[in-house]
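Please have the sequence and the 3D view open as you read.

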Amino acid sequence: MRIALRICCLIAVSGWCAAQARPFPGPDVQQIYQRLLPQIEKIPAFDHHAHPAYADDPDVDAMAAPPNASEAMRTRDDNPELVAAAKALFGYPYNDLSAEHSKWLLDKKNELKKQMKGTAYFDSILDKINTESSVANRAMMPDYLDPRRFPWVFFTDSFLWPFNNERETARNADQGIYIPLQEKMLGRWMRQENIIKLPPTLAEYLKFITQVLEDNSRRGGIAMKFEVAYFRPTTFSDPSRAQAEDLYQRYVVGGIPSEREYRTFQDFIFRYLVQEGGRLHLPVHIHTAVGIGDYFNLSQSNIMNLESVIRDPRYAATTFVMIHGGYPLEREAIWLAAMKNVYLDSSFGELTQYPSAFKDTLKMWLETFPDKITFGTDCFPYNQVLGSEESYWLGVQSSRTALAAALAEMISENEITEARALELAHAYLHDTAVKLYEGRVH
Ligand SMILES: [Zn+2]
């Protein structure tokens, strides 16, 4: 009884919900939304996952989209919202994106690129959408992105593919595109470290991997990224070093490992990279949603497969960012954030869903672990018309409106106060992610 009374007093003093939370928002929800939205629009954002690039830049990713892949409705280039993006960013004067009208947009972008030298063009895009800085998750950094505003997140999947990849490449049309690009990326890391041939022992191969991580960190890299779900199942066994040594020595000189042997070796390398991420203060970003390409296997890359790695106390020093928050399994995914070192990024969810649905995802996350979720757009240069610029705009707009709507419902349903809602908005849009990088980003 005494405890219950004390809780009542605390609630009254701190001005928190005066009554029990209710299951429906009240008639004030729209007003609250209208009040919150302009305040949320004023919060400078940190975009935790994005691929800024000009449309013709092959270094935007360490893989490429397979041709003719199915696209969810909202991410198709006939989405009428892109007209709003073009109007907001470039003053587009038309109400459709017909071929004839799109030419105006292309000319306008080219003119601006010519006027704005160096890094000014993309800086101006961030200014227009009130994003203070944005991760550039790219194969390599170009000279047209200012590294102070576009911190680099580099790809580390290629270290998993050092052997003969004939079998993997032949599996289906998507792998036929992805795997050779991993070989190419591994070759680029080798050239970076002045290595002509892969070393003969596992110990030396691991040393080479660490050198790349350290060099990339010195060159401004703030995190490593895996898109491994595109290439193989994300269930990782826990092989011994002796097993990996044996496999490396056997296959680095040639020969085709069996699927099982190759995966065992990759499991060891994946865990090595995760451990190094902790030691070198490089958070580990992992693609955890469904992905592009018709052959993407969702059940084999289910975010929950990663539990055996991220709940392993050996990796407590490693910060994990679950990119795309496990979508469409975001309800299960939020419980992974119970781990102190695990965070969820909401990018892609806000592009593939409309704000009405994305609002419900954010609300559920905010009601569970609000201090463990971060904002991202997953902007990408899909084509000349739907560029990084437009997808930045659509991602930011969608996230801010969905966030305001989720918080308005929570306030109206007596879950939180308006002051607390604004704290949560700052945390999600900026503060939580920025804290992960120990002063390296702002
Ligand atoms: Zn991405």
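## About the model

This is a predicted model, in which local features need pLDDT of at least 70, side-chain atom pairs count only at pLDDT 80 or more, and totals for chains, interfaces and linings use all residues. Residues are numbered from 1 along each chain as its sequence is written, and side-chain values use heavy atoms, with hydrogens and water left out.

## How the spaces are defined

The search runs on a 1 Å grid over the protein atoms alone: a cavity is a set of points where a 1.4 Å probe fits but cannot get out, while a pocket is an open set with protein on both sides within 12 Å along at least five of seven lines. Lining residues have an atom within 4 Å of a point. Grid points are joined across faces, edges and corners, and a volume is the space filled by probe spheres set on the points.

For the linings, Ala, Val, Leu, Ile, Met, Phe, Trp, Tyr, Cys and Pro count as nonpolar, Asp, Glu, Lys and Arg as charged, and the others, Gly among them, as polar.

The largest pocket has a volume of about 1,000 Å³. It is lined by 45 residues, and Ala64, Ala65, Ile292, Phe380 and Tyr382 are the closest to its centre. Its lining has 22 nonpolar, eleven polar and twelve charged residues. Helix H7 (residues 173–192) gives the largest share of this lining, four residues; helices here are DSSP runs (H or I, at least four residues), numbered from the N terminus.

The second largest pocket holds about 250 Å³ of space. Of its 18 lining residues, Arg171, Gln175, Tyr295, Asn297 and Gln300 lie nearest the centre. By class, the lining has eight nonpolar, five polar and five charged residues.

## The cavities

There are three cavities of 30 Å³ or more. The largest has about 60 Å³ of space, and its lining is made of Arg74, Thr75, Arg76, Asn79, Leu82, Leu351, Tyr382, Leu386, Ser391 and Leu394. Five of these residues are nonpolar, three polar and two charged.

The second largest cavity has a volume of about 40 Å³. Its lining includes His324, Tyr327, Glu330, Phe358, Thr361 and Trp365. Helix H14 (residues 355–366) gives the most to this lining, with three residues. By class, the lining has three nonpolar, six polar and one charged residues.

## Helix H3

Which residues of helix H3 (residues 81–90) are buried? They are Leu82, Val83, Ala85, Ala86, Leu89 and Phe90, where buried means under 20% relative accessible area, exposed over 50% and partly exposed in between (1.4 Å probe, protein chains only). They lie on the same side of H3 because they cover an arc of only 155° around the axis, taken from the directions from the helix axis to the C-beta atoms. Their cover includes helix H4 (99–115), helix H5 (120–128) and helix H15 (388–412), with contact meaning heavy atoms within 4.5 Å.

Ala88 also has its place in H3, and it counts as partly exposed because its relative accessibility is 47%. Ala88 and Trp393 are 305 residues apart in sequence, yet 8.4 Å apart in space, C-alpha to C-alpha. After H3 comes Gly91, with a positive phi near 65°.

How values were computed:
Helix = DSSP H or I, 4+ residues; strand = E, 2+ residues; numbered from the N terminus.
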